Amino acid sequence: MRSPARITTLALLVAGAFALASLERVVPNPFPMVRLGLGNIMTLVAFVTLGVTGGAWVTAGRVGLVAILWGGVFSPTAVLSAAGGATSLLVMVPLILSGRFSLYGISMGGAYAHILGQLTVAVLLYVRSPGLLALLPVMGTVAILTGIFNAWVAGKLVEVLEVQDTGHRTQDAG
């Protein structure tokens, strides 16, 4: 369905994902290889409110906008971001479609897949040494923790959106 309300919601979620990803880039980070993946919060919200297709569009939109506006479309940063986003979608979509995982499980799986995809592409294209994969246990643990945080925030946002949606319906009926 391509209703104006759905398109508007999708555009707002892409803009929110871009804003959160941009915020992560400008805030000083003592661990440059570690990011919270805040943009994924909007992807999770899209999965819940718009379905799998909406979540995929938010991921693609965020990755594309960040590449265009922050790093160049074919820069290593953009390539690694695209690899992480694609890999996380490859994990999250089946988890969602199975109906067996909570938002936390989906987020943790996506976060771990994201870092696995990024490290794999970094090894294959840039570093050319499998030694980089030795970082996977530490970075994977951090990814799982950030996945939990992102799922918690996304769950709270969905609750707020549902309350507001119910309020609008109540006002429309009254």
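A: Happy to; we can go from the overall fold to the core and then the surface. Keep in mind that this is a predicted model.

Q: Great. How many helices and strands are there in the protein?
A: The protein has six helices and zero strands. Along the sequence, that reads α-α-α-α-α-α. The radius of gyration is 17 Å, close to the 16 Å from the globule rule for 174 residues, so the protein is as compact as a globular protein of that length.

Q: And what box do the C-alpha atoms fill?
A: Roughly 65 × 35 × 30 Å, taken along the principal axes.

Q: Now the inside. Which residues have the most contacts in the largest nonpolar core?
A: Those are Leu13, Leu44, Val58, Met92 and Ala154, in a core of 21 residues. Two or more residues come from each of α1 (4-26), α2 (39-50), α4 (76-98), α5 (103-127) and α6 (136-173). The most come from α2, which gives seven.

Q: What is Leu13 in contact with, leaving aside its neighbours within four places in sequence?
A: Its partners are Met42, Val45, Ala46, Thr49, Leu50 and Val58.

Q: Which residues does the second core include?
A: Among its nine residues are Ala111, Ile115, Leu119 and Val123, and this core is separate.

Key
Residues numbered from 1 in each chain as written. Predicted model: local features only at pLDDT ≥ 70, side-chain atom pairs only at ≥ 80, totals over all residues. Heavy atoms only, no water. Helix = DSSP H or I, 4+ residues; strand = E, 2+ residues; numbered from the N terminus. Rg over C-alpha atoms; globule rule 2.2 N^0.38 Å. Core = buried A, V, L, I, M, F, W, Y, C linked by side-chain atoms within 4.5 Å. Buried < 20%, exposed > 50% of the residue type's maximum accessible area, 1.4 Å probe, protein only. Contact = heavy atoms within 4.5 Å.
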